[in-house]
Amino acid sequence: MKKRVGLLLAIITALVMLVMPLGTQSAHAADTSLQDIQKKGVLVMGTSPDYPPYEFQATVNGKSKVVGMDVQIGQKVAKDLGVKLKIKSMSFDSLLVALQTGKVDMIISGMNPTPARRKNVAFTNTYYQGGYDIVINKTDAAKYKNKDSFNGGTLGAQTGTTQYNAAKKQTKNTQVKGMTSQSDLILALQSHKIDGVAMEKPSAEAYVANNKQLAAIPSKFNMSSSATSSAIAFRKGSTSLVNKVNQTVAEIKQEKLVKKTYLPTAGKYLKTNTVNTSMGHYWQAFLTGIEYTLIITVCSVFFGFIIGIVLALARMAKGGVFKTILRWIATAYVEFIRGTPMMVQVMFVYFGLGLFVNLPALTSGIIAISLNSGAYVAEYIRGGINSVDVGQTEAARSLGMSNGRTMRYVILPQALKNIWPSLGNEFITLIKDSSIVSIIGVTELIYQSNIVRSDTYRGVAPIVVIMVLYFILTFTASRILNYFERRMQHA
């Protein structure tokens with residue numbers, strides 16, 4: 001599923017472009033980007049915190065936070081602008097879309113200012129020049145020497161990065177596997193799903209330094225300077241803001257802050273992460289994941305049920321032009337929602353609708369999942385209503401009850417009893433489907449497990465923990481639902 005994320009984001013971007021321009025200024029519009037940020041007082045930085053030592057998660061004073069070289073650069077940029085820094089985490093593939101749709105004000109995430117990216121966003125001058133290595137299992141050190149050694153093997157890289165594109169173009173007879181998360185790639189490497197992971201040299205050195213089972217080899221990719229350097233990205237047309245931040249970049253390079261201060265500080269956090277890597281040490285992170293998973297599930301079930309009732313009644317409306325139009329709209333909605341992936345719907349609500357209303361990630365996730373659930377619940381309710389014997393309606397009408405009262409007091413209660421197992425199954429499914437919202441940075445269980453994996457460099461243990469937690473949640477929910485089902489059957 002993760003390999004499709006790039007394609008899905010391309011679809012979302014195309015849809016957004018059809019709706020309105022992607023936040024760019026016209027050639028004749030006055031550039032107020034610098035004044036807008038200073039007036040707002042907050043600079044929102046987008047980053048993908050799975051790329052040590054650039055940006056990664058670390059436990060500081062008992063709480064998980066995003067740290068790293070790029071975070072320190074972001075803090076200096078915000079300080080020089082006289083504003084506060086707010087960090088928004090999401091997958092690397094989502095960053096450019098988030099910038100173009102106004103979800104973030106800038107991107108600092110080890111991003112290379114390639115010509116293709118310059119067509120869509122504005123870059124500052126480069127603040128760091130690096131290179132590329134390939135991380136392998138230490139047991140394969142004699143087998144692999146550089147990119148050409150992977151003939152017939154599989155090489156992994158983070159999708160949307162220059163090393164991913166280089167691996168695709170500069171290797172022969174090699175399968176290139178892309179994933180959105182660096183920690184997922186390392187897990188795939190250690191479980192022998194892939195043979196190597198291409199990444200920037202500082203990140204490779206960080207993983208190797210903290211995992212004795214790994215080793216790094218030179219990649220030998222033929223890369224331009226723009227593809228091996230890092231810069232800060234802003235929205236197209238933000239000339240005044242870019243020029244101001246370039247002054248900060250020049251100071252960082254002149255004083256060599258990256259090598260003298262930022263990288264050593266990031267190294268200290270990396271060492272702190274490996275002091276205690278037990279899963280019990282991260283109980284608060286998992287508890288937060290459970291909390292958000294339940295919030296998303298309960299809210300989505302509640303609103304999805306309301307939407308489902310409205311859609312079901314609309315689909316069953318008969319007679320009159322208005323009711324016919326209503327039925328067509330409800331039918332089209334149900335078919336469209338059921339015919340598109342939930343991941344696309346989540347991203348469209350967050351990035352697409354976010355152009356008009358700046359919705360938080362949690363709110364966007366709840367809205368998207370509620371809308372999706374409503375389409376399925378509508379069909380359950382429609383089937384339940386049809387399962388009620390027509391004699392019940394006739395009996396109610398003979399007693400003088402209106403259509404509305406008949407539906408409310410006679411038909412729907414019986415329909416609810418008939419469809420309760422299906423509704424329960426929908427609730428259980430939503431507990432698991434809530435994991436999709438991790439792609440937009442909602443801190444539910446999957447998101448938190450990725451944090452723990454980035455913190456500890458342990459790939460399997462966090463996955464085992466969340467599998468157990470998901471089972472406990474779904475098993476408990478199924479037992480509660482079964483209890484109410486038995487009560488309803490004996491009512």
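How much space lies in the largest pocket? In this predicted model, the largest pocket holds about 1000 Å³ of space. Its lining is made up of 44 residues. Those that lie nearest the centre of the pocket are Ile87, Lys88, Ser89, Gly441 and Thr443. Several elements give two or more residues to this lining: the strands β3 (55-60), β4 (63-67) and β5 (84-89), and the helices α11 (283-315), α14 (361-387) and α17 (445-456). The largest share, five residues, comes from α11.

Five strands form an open sheet in the order β11-β10-β12-β9-β13, and their pairing is mixed. Strands β11 (175-179) and β13 (214-218) are the edge strands, each of which pairs on one side only. From one strand to the next, the twist averages 30 degrees. Both senses of pairing can be illustrated. Strands β9 (residues 132-137) and β12 (residues 196-200) run antiparallel and are joined by four bridges. In β12, Glu200 stands opposite Tyr132. Strands β10 and β11, by contrast, pair in the parallel sense, over five bridges. Gly178 in β11 is the bridge partner of Ala157.

Strand β10 (154-158) is largely enclosed by the rest of the structure, because five of its five residues are buried. Both of its faces are covered. Thr154, Gly156 and Gln158 are buried on one side, and Leu155 and Ala157 are buried on the other.

Helix α7 (residues 182-190) lies across β9, β10, β11, β12 and β13, and runs at about 150 degrees to β12. Helix α8 (residues 201-209) packs on the sheet and touches β9, β12 and β13. The direction of α8 makes about 125 degrees with that of β12.

In soluble globular proteins, nonpolar side chains tend to be buried together. The largest nonpolar core of the model has 41 residues, and Ile73, Leu81 and Ile232 are those with the most contacts inside it. The elements that each supply at least two residues of this core are α2 (33-40), β1 (42-47), α3 (69-81), α7, β12, α8, α9 (239-254) and α10 (257-273). Helix α3 gives the largest share, six residues. A second, separate core has 33 residues, including Tyr350, Ala361, Ile366 and Ile369.

Apart from neighbours within four places in sequence, Leu81 is in contact with Leu34, Ile37, Gln38, Leu43, Leu241, Lys244 and Val245. Gln72 has its place in helix α3. With a relative accessible area of 15%, Gln72 falls under the 20% cut-off and is therefore buried. Neighbours within four places in sequence aside, Gln72 is in contact with Thr261, Tyr262, Thr265 and Ala266.

Ile436 is found in the loop between α16 (403-433) and α17. Although placed in a loop, Ile436 counts as buried, at 18% relative accessibility. Ile436 touches Met342, Met343 and Val346, not counting residues up to four places away in sequence. Ile436 and Tyr447 are 11 residues apart in sequence, and their C-alpha atoms are 9.4 Å apart in space.

Some features of the backbone remain to be described. Most residues other than glycine have a negative phi, and most peptide bonds are trans. The peptide bond from Pro52 to Pro53 is cis, with omega near 5 degrees. Pro53 lies in the loop between β2 (50-51) and β3.

A positive phi is found in His192, which is not a glycine, with a value of about 65 degrees. His192 is in the loop between α7 and β12. Its relative accessibility of 55% is over the 50% cut-off, so His192 counts as exposed. Lys220 is also a residue other than glycine with a positive phi, near 65 degrees. The loop between β13 and β14 (229-230) contains Lys220. Lys220 is exposed, because its relative accessible area of 56% is over 50%.

Methods: Residues numbered from 1 in each chain as written. Predicted model: local features only at pLDDT ≥ 70, side-chain atom pairs only at ≥ 80, totals over all residues. Heavy atoms only, no water. Pairing = 2+ DSSP bridges. Axes fitted to C-alpha atoms, helices over the stretch in contact; angles between N-to-C directions. Contact = heavy atoms within 4.5 Å. Core = buried A, V, L, I, M, F, W, Y, C linked by side-chain atoms within 4.5 Å. Buried < 20%, exposed > 50% of the residue type's maximum accessible area, 1.4 Å probe, protein only. 1 Å grid on protein atoms, 1.4 Å probe; cavity = no way out; pocket = protein on both sides within 12 Å on 5 of 7 lines; lining within 4 Å. Points joined across faces, edges and corners; volume = space filled by probe spheres on them.
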